[in-house]
Amino acid sequence: LHDALPISILNQKVNGQPLVYFDNGATSQKPQVVLDAITQYYSEINANIHRGVHTLSQLATDAYEASRAKIQRHLNAKNPHEIIFTAGTTHGINAVANGFAALLQSGDEILVSAMEHHSNIVPWQMLCERTGAVLKVIPMNENGELILSEYESLLSAKTKIVTVNHISNALGTINPVEYIIQKAHAVGAAVLIDGAQATPHLKPDVQALDCDFYVFSGHKVCGPTGIGILYGKEEWLDRLPPYQGGGEMIATVRFEKTTYADLPHKFEAGTPNIAGGIVLGTAIDYLNEIGFEAIAAYEQELLEYATQKLEQIEGLRIIGTAANKTSVISFNIGNIHPYDIGTIIDKLGIAVRTGHHCAQPIMDFYQIPGTVRASFAFYNTKEEIDTFVAAVERSLSMLK
Ligand code: PLP
C-alpha cells in the first residue's frame, strides 16, 4: 500500500534524516491526485457557485454538487441534501450544538463520553450554559473502553442527545457506536457521531448505523484543510435552525422577515470552500480506490507489529489497550515527559504528536501530563516502525 499512489511529501529528509510521518491522527498527507485536483480547479473552472448563469460558474457548481453526491454515496446517506459542507469536524459539531439550543429546556441532559476530543466537549458545555441543560459523562475503564452498563443507567427520558466519537484520537479505541445509537434511540435521544478519526480507517454506513448526525474533517482523509462534512438525517436538519446567516442560505429576505433556503443550503451560508468541497471528493475516490478493507487490514498489521516492538522497551506503558482498536499507539516511558521524547526523535526525522491530544479529561483519568502518540496510515511501513522504535530507544539513552 505504501507505493499505491505517490505522496511526494513523504519522500524528503527532515533534520537530515528520511522523514517518518507518524502524526496521521493530527492530519494526513496528500497524494498527487489531490494536489493536482486543487491546481486543476483554480486553473480551469474557478468561479463562484450557485450564482452565475455563466459557464464557469455552472462548471464549478456542477463539480461541487457532484462531490456532494459522491460523499452521499460514500456514507450511504439517503439523500444528497443530507450532506452539508462545513469547515471541518469542529464546525459540524458546533452547528448541531447551536441548533439544539432551540430544542432544549433547562434540566434536559446531554451525554458525552469520557474520551472525547475537546471539540466534542466544549460546544456542548456552551450549549448547557445557554439552555440550563446538564452535561453527563459516560465513563470508561482502564483499557480505554466505555462502560456500557453505566451508559445505559445514564440514559433516561431527560437525555436529548448522545455525542461520542467513533474512534478516540488519543487512545485508538473503536467505540461500539451501533449499540450506543440503538440504546439512545430507545429513550428518544438523538445521536451525533464524531467520525474525525474513524473516516481515515473505515467507511461508515450512516443508514446502517442509524445515527442522526455524523461529522468528519477532510484533512484527515487525504483531503485539504478547511473542509469537512456534517451528515444529518433530513428530519433533524429540517428541525434545527441554521447555524449562520448570510447569502446562499435564504429563500427570501425582507427587512420584516427572512425565510430560509431548503437543505442543504440552509446550513451553507456565504461563499463556501469550493475547491475544498470538490477536492474532498477526489480524496474520497483515492481512498476507495485503495479500498477500506485493504487499508484496515494493513493498518492492523502495522498496529500489531509496532505494539509488539514497543512493548519490549523497559518501562513503556501503552495508554489505550482496548480490544477493538485502530492504528494509534499512545505511550509513556517511566516518568519521562512525552515532549522530551518527541523533541529528540524529531531530530531523527520522526514526526509524532506529544501532549494531551486535545483530550485533557483522558489525561486526568490516567493522571498523566500527556503521551507520545504514533498514529499510522496505510502509507506507512514496518521499516519505518523499526526506525521509530530505534529512535525511541536512542532518546531513552539520552534522557535516562
Ligand atoms: N474529533 C476528533 C476525535 C479529532 O481527532 C479531531 C481532530 O484531531 C477533531 C474532533 C477536530 O477536528 P478538526 O480540528 O479537523 O475540526
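Which residues of α3 are buried? They are Thr-89, Gly-92, Ile-93, Asn-94, Ala-95, Val-96, Ala-97, Asn-98, Gly-99 and Phe-100. Here, buried means under 20% relative accessible area, exposed means over 50%, and partly exposed lies in between, with a 1.4 Å probe and protein chains only.

Before going further, a word on what you are looking at. This is a predicted model, in which local features need pLDDT of at least 70 and side-chain atom pairs count only at pLDDT 80 or more, while totals for chains, interfaces and linings use all residues. Residues are numbered from 1 along each chain as its sequence is written, and side-chain values use heavy atoms, with hydrogens and water left out.

## Helix α3

Helices (H or I, at least four residues) and strands (E, at least two) are DSSP runs, numbered from the N terminus. Helix α3 covers residues 89–100, which makes 12 residues. From its first C-alpha to its last it reaches 17 Å, close to the 16 Å expected at 1.5 Å a residue; the expected span is 1.5 Å times one less than the number of residues. Because 10 of its 12 residues are buried, α3 is largely enclosed by the rest of the structure.

## Salt bridges

Side chains of opposite charge can pair when their charged atoms come close. A salt bridge is counted when a side-chain nitrogen of Lys or Arg is within 4 Å of a carboxyl oxygen of Asp or Glu. The structure holds 11 of them.

| Salt bridge | Closest N and O atoms |
|---|---|
| Glu-248 with Arg-51 | 2.7 Å |
| Arg-68 with Glu-65 | 2.7 Å |
| Asp-212 with Lys-233 | 3.1 Å |

Let's begin with Glu-248 and Arg-51, whose closest N and O atoms are 2.7 Å apart. This pair links distant parts of the chain, 197 residues apart: Glu-248 sits in the loop between α8 (234–239) and β11 (250–253), and Arg-51 in the loop between α1 (32–45) and α2 (55–75). With 46% relative accessibility, Arg-51 counts as partly exposed.

Arg-68 and Glu-65 are both in helix α2, three residues apart, about one turn of the helix. An α-helix has 3.6 residues a turn, so residues three or four places apart point the same way. Arg-68 counts as buried at 1% relative accessibility, whereas Glu-65 counts as partly exposed at 27%. A network of salt bridges links Glu-65, Arg-68 and Glu-268.

Asp-212 and Lys-233 form a salt bridge with closest N and O atoms 3.1 Å apart. Here too the pair links distant parts of the chain, with Asp-212 in the loop between α7 (206–209) and β9 (213–217) and Lys-233 in the loop between β10 (228–232) and α8, 21 residues apart. Both Asp-212 and Lys-233 are buried.

## Backbone details

If you like checking torsions, there are some to visit. A cis peptide bond joins Leu-263 and Pro-264, with omega about 0°. Pro-264 lies in the loop between β12 (258–260) and α9 (274–290).

Cys-358 is not a glycine, yet its phi is positive, about 55°. Its place is the loop between β16 (353–355) and α12 (360–366), and Cys-358 is partly exposed with a relative accessible area of 22%. Gln-367, again a residue other than glycine, has a positive phi near 55°. Gln-367 lies in the loop between α12 and β17 (371–375) and is exposed, with a relative accessible area of 74%.

## Distances across the fold

Asp-210 is in the loop between α7 and β9 and is partly exposed, at 33% relative accessible area. The C-alpha atoms of Asp-210 and Ile-333 are separated by 41 Å, and the two residues are 123 apart along the chain.

Thr-159 is in strand β7 (residues 159–165) and is buried, with a relative accessible area of 1%. Between the C-alpha atoms of Thr-159 and Leu-111 there are 7.1 Å, for residues 48 apart along the chain.

Leu-56, in helix α2, counts as partly exposed at 36% relative accessibility. The C-alpha atoms of Leu-56 and Glu-44 are separated by 8.4 Å, with the residues 12 apart along the chain.
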